Amino acid sequence: MVMNNHFPEDLLLQILVWLPVISLSRFKCVCKSWYAFISDQTFIYEHLLHTQSPSNRNKNTLFLVNQRDKITSKHVVSTLSYETLQVSLAQVPLPSPYSGIIDKKVEIFIVGSCNGLVCLHDNCGLNTLLWNPATKETKVVPVSNLPGLPANYSASPNGIGFGFDAKTHNYKIIRNFLFFENYPNLDVYEMALVDEYQMGVMFYSEVYSLRTDSWTQVDNQLPFCIWNAFGGMKTNLNGIGNWWASDSDWEGIVSFDVAKEVFLITPMPNDSLIYNGYRYDVEYFLLNELVAVAISWKKRHAEWSPMCWDVWLLNEYGVRESWTKLFRVGPLTGICRPLEFWRNDIIFFEKDGQLALYDVSTKEMMSTINLQIDGDQVFSFQVISYMESLVSISGLIN
């Protein structure tokens with residue numbers, strides 16, 4: 001790193017690592033040597049380590065809330081302080097090429113966030129985007145080269161994820177596809193009744209490497225269907241991403257090791273799907289870096305009855321017996337779904353088009369904290385943990 005001889009480099013490092021990204025971005029304008037120092041990959045890495053240290057992590061962590069603006073219908077992102085839940089930035093527009101999209105058929109999702117980089121994707125296959133919200137840097141990910149398919153076959157998305165490979169210091173995107181045979185004489189409802197094996201379903205997975213700026217096929221394929229194929233995966237600090245998946249006779253967590261590029265599967269506990277009521281839906285999260293699932297259910301023959309959620313924690317990948325039932329939430333009315341944990345005992349919920357909080361210890365909705373965030377429609381929220389950084393997208397490409 002280049003530095004002015006009148007200011008010791010090690011002293012400057014000790015001072016600057018404490019500063020937020022917005023201040024460091026301004027200090028680049030002080031002089032050429034400061035610009036070079038702050039832009040250097042060594043300083044960026046030191047600043048990231050300091051920001052993520054156990055003593056600083058909570059105060060530097062933010063929540064990204066992805067939703068549609070109620071007035072303009074554009075996708076916008078708000079940021080909340082992890083410590084206070086105060087809105088630090090309200091309704092920031094998404095970057096180009098996603099800025100200004102108001103077509104409600106186009107849903108834009110945060111696939112994941114790692115070390116200050118955010119991956120965005122949409123349900124229409126328009127783009128996949130890497131974005132550093134703090135530095136405003138973006139990169140449109142190149143289109144993959146899917147294998148040629150027979151004329152009577154089509155491709156359908158089957159899950160996407162974003163993670164960090166700590167072994168090679170590389171950022172990766174995993175995408176899965178279903179290839180299936182078309183039945184031109186059947187409509188969409190009749191197609192839904194056709195067994196997947198009769199449809200000649202094939203699975204295909206590929207990984208994008210930011211370092212090489214290219215896609216490669218994954219050797220072992222994902223043999224299950226991902227629920228919420230566009231919503232991204234929950235990735236822990238060990239580089240293990242997770243989806244909720246199912247097959248005709250199987251249901252559970254499918255995990256992807258970002259470094260090894262292999263899939264892991266964990267079935268749900270046998271009794272998790274057996275209730276006096278009936279299963280309704282499943283949401284999954286990270287709780288203390290472990291996978292947690294919330295299984296919603298309600299009483300039979302009572303469509304408008306209050307909803308309950310049973311929360312389970314997975315202690316070891318691949319081991320069904322390691323599931324532990326933590327607690328039950330509810331019964332609650334007017335609640336769509338849980339979104340994220342906060343401080344391990346508070347849950348973000350989507351409630352009547354708004355973001356709400358539920359206290360597990362008191363078993364009550366929290367009315368004292370006003371998040372002042374409204375969504376445009378039901379199921380319009382995403383809440384993602386995020387931390388600002390100087391990590392440069394272009395600086396990581398070989």
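User: In this predicted model, which residue stands opposite Ser246 in strand E15?

Analyst: Ser246 faces Glu251 of E15. To read such a pairing, one looks at how two strands run and how many bridges join them. Here E14 and E15, the latter covering residues 250–257, are antiparallel and share 8 bridges.

User: What is the bridge partner of Cys225 in E14?

Analyst: The partner is Ser246. Cys225 belongs to strand E12, which spans residues 225–226. E12 and E14 run antiparallel and are joined by 2 bridges.

User: How many residues lie between E13 and E14 in their hairpin?

Analyst: There are 4 residues between them, and Gly239 in the turn has a positive phi of about 80°. E13, residues 234–235, pairs with E14 in the antiparallel sense through 2 bridges. Within this pairing, Thr235 has Gly241 of E14 as its bridge partner.

User: Which residues point each way from E14, and are they buried or exposed?

Analyst: A strand is read by sorting its residues according to the side towards which they point. Ile240, Asn242, Trp244 and Ser246 point one way, while Gly241, Trp243, Ala245 and Asp247 point the other way. Residues on both sides are buried, where buried means under 20% relative accessible area.

Methods:
Residues are numbered from 1 along each chain as its sequence is written. This is a predicted model: local features need pLDDT of at least 70, side-chain atom pairs count only at pLDDT 80 or more; totals for chains, interfaces and linings use all residues. Side-chain values use heavy atoms; hydrogens and water are left out. Buried means under 20% relative accessible area, exposed over 50%, partly exposed in between (1.4 Å probe, protein chains only). Two strands pair if DSSP finds at least two bridges between them.
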